[in-house]
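Subject: Structure for you to look at

Hello,

Here is the structure I said I would pass on. My notes on it follow below.

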Amino acid sequence: MSKQSSPSDSPKPLVSFGQQLLIAVLVVAVGLLFGMGPVLEALRQPTPAQHVAGISDNDVFRHQRTAERLQTLLNPNFDRSGEVFAPSRDRNHYLMELLYAKLAEQDGLAPRLSQIRDHFQAWQQRRVPGEESVTYGSALQEALGTRNAVDAVAVKEFLRVRLAAEAYEERHVTVPSAPQAISDGVVRAGQTRVRVASVTLDSAHLVNDELLAEIAADEAAVLSAYDDLRTRLYRTPARRSVVLYVADAQAISDAIVVEEDVLRTRYDEVVATRFTRTTRDEDGSERQIVQDFADVRSQLHEEAAREIAADLAARLAGRFRNALMDAGLVGQGEANMENLRPLAAVSIGPEDHPALRESVALRIIEDVVIDQPPQGQTRTALGDFGMLDLGDLNLFTDDIAVGYLAAPYRPLREDGTRSSTQVLTLVTGLHPAGYRPLDEVRDDVVRWLAARQVYEDLLTAAREIAQGARAESLESVFADEDVQARRNIVSPTTSTFQALEALHLPAERLGGTRPDPRFAISLAAASDAVKVVQASPIENPEGAWAERPRLRVIQWLETSDEEMSEWQAFSAAMQANFQVQGGIQRQLRQAFEASLMSRVDR
């Protein structure tokens, strides 16, 4: 029997003896299995002190500032589905990234400018987590002019540093920690492409009206599913109900007729700079081509009308504001539609400008809802008139109450410029953040439950198709019109995987443990040329129905090599190296646990 501890004994360790032994053996075993030679070689690289001299404090500050601004704009909540740009506030983290990038350049691992340009174009199309309609590019564009603005040059430099640092770390840290033979194989496989034929089976074709009715009748199951889903899928932002009083510049412009002599004078003033171009004849002589007044008259009229309308819109809004000030209703007052109605009956007419051929009244637009933008963003839609920037006019502060009437505001256009239209906003309702009610999303929840219920049938169907493909081919299986009709698939499609791209195998039960992923290159084995895998998520998903189970049956067609630069090869192999290491270490740990825990006195 083991000795009993007394209160005076030293505290017990946080891990048991068996666990300590396991950890010690793992450390030694991993060292023996993987070898320390490559690691020691990496440590013999020039010391950081020999390189830091070329990295200034300003370089580190700029790199860290860009990272933190990108984090604020593109993933402020550090959502796991998004990228992490600023994982640390420690200055040394960003210094090390710059150092790694500098060393990568010396090793020839840094991406070329053309590669960064292509990468940046694709990177801009990525989606901001939780905002499926917002891309990285649009979020950066919207931030221009704000304190978190990041220009394209800074973003490209940030991406260059990060990619180069990752490539260097891959070469000197990740790869040396695995057997050299595996590392060489991974890098080589990174240049290989696998072409496949595939079909995607959607659980939607197994959901019928009878099943939907059965699930809809189980109110407890529907309510439980709604409670699980609403936090993730059915959130609603804080909102403000408003009435907009609009001095519409476009409506004013439509009512303007500019005199012919005014337009001709305008044409004469700009014809030499705007409507004249020089061309060169075949003999080398130059001649000028001048656009006639008749060809540009409508353009000149539109421009002149817009300029006049901008001035008149400001005058109309000012006329309404003066009436409000006289009545003491600007700002935090007791404004409402009833006491504003007589004051809003203002207009402008020919007496305000001779080009205005008819009176134009202030437009009143009721039942407009303004959503609070996600954290880290400042712009939200202001009806159909453009965007409201909360940095200019914040309707979501604690001191805003029903009856608040804001001063005239010029909405922002998509390109960030100001509209000539002027809007006065009356707050008529305050709605806190919450969730869409169950009645509003009930159909989505019921269909989601139904799709989950047919998962095992979906898996069975996928395996039947895979079995037929192994006997012949996917093309042969779907040559049968009856199969096409039953599976709602006309014919297989072809696509290409990277050799080390992970294929995620389905679980036996929905929500159960899934087998370890397989590399796409494993399809090239003649005995395993057909697999059932998870289908890619639906693009731009909306609601729970978009998360329904979908499986993909894929069949290997051919394998080919692709020429890559050293940097591209390492980049392609990077994620796979982590998977290789993780798989080896996981299997090793399981073996030691099974062996040791059977011998240690628990």
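Is Arg306 buried, partly exposed or exposed? Arg306 is partly exposed, with a relative accessible area of 44%; buried means under 20%, exposed over 50% and partly exposed in between, using a 1.4 Å probe and protein chains only.

Before the rest, two notes on the source. This is a predicted model, in which local features need pLDDT of at least 70 and side-chain atom pairs count only at pLDDT 80 or more, while totals for chains, interfaces and linings use all residues. Residues are numbered from 1 along each chain as its sequence is written, and side-chain values use heavy atoms, with hydrogens and water left out.

Salt bridges

A salt bridge here is a side-chain nitrogen of Lys or Arg within 4 Å of a carboxyl oxygen of Asp or Glu. The count by this rule is 31. Arg306 takes part in one with Glu302, where the closest N and O atoms are 3.0 Å apart. Both residues are in helix H14 (residues 293-327), and because they are 4 residues apart, about one helical turn separates them. Helices (H or I, at least four residues) and strands (E, at least two) are DSSP runs, numbered from the N terminus. In an α-helix there are 3.6 residues a turn, so residues three or four places apart point the same way. Glu302 is also partly exposed, at 47% relative accessibility.

Asp439 is exposed at 65%, and Arg442 is partly exposed at 23%.

The salt bridge between Glu508 and Arg463 has an N to O distance of 2.6 Å. This pair links distant parts of the chain, 45 residues apart: Glu508 is in the loop between strand S18 (502-503) and strand S19 (518-519), and Arg463 is in helix H17 (residues 455-471). Arg463 is partly exposed, at 37% relative accessibility. There is also a network of salt bridges that links Asp311, Arg315, Arg319 and Asp352.

Nonpolar cores

A nonpolar core is a set of buried Ala, Val, Leu, Ile, Met, Phe, Trp, Tyr and Cys residues joined through side-chain atoms within 4.5 Å. The largest has 40 residues, of which Tyr245, Ile252 and Ile256 touch the most other members. Two or more residues each come from strand S5 (239-247), helix H12 (249-254), helix H13 (260-274), H14, helix H15 (337-340) and strand S15 (422-431). H14 gives the most, with 13 residues. Leaving aside neighbours within four places in sequence, Ile256 is in contact (heavy atoms within 4.5 Å) with residues including His301, Ala305, Ile308 and Leu356. Another core, of 32 residues, lies apart from this one and has Leu98, Leu103, Val134 and Phe158 among its members.

Helix H13 bends by about 35° at Asp268, the bend being the angle between axes fitted to the seven residues ending there and the seven starting there. Leu263, Tyr267, Val270 and Val271 are buried in H13. Its buried residues are covered by elements including strand S6 (276-280), strand S7 (286-290) and H14.

Aromatic rings

Rings of Phe, Tyr and Trp (its six-membered ring) pair if their centres lie within 6.5 Å; planes under 30 degrees apart count as stacked, over 60 as edge-to-face and the rest as tilted. This gives 9 aromatic pairs. Phe85 and Phe158 have ring centres 6.3 Å apart and planes at 50°, so they are a tilted pair. Phe85 is in the loop between H4 and H5 and Phe158 in helix H8 (residues 152-174), so the pair ties together parts 73 residues apart in sequence. Both are buried. Ring pairs join Phe85, Phe120, Trp123, Tyr136 and Phe158 into a cluster.

Backbone

Most residues other than glycine have a negative phi. Phe78, in the loop between helix H4 (57-74) and helix H5 (91-107), has a positive phi near 55° and is partly exposed at 45%. Asp367, in strand S11 (residues 363-371), has a positive phi near 60° and is exposed at 73%.

Regards
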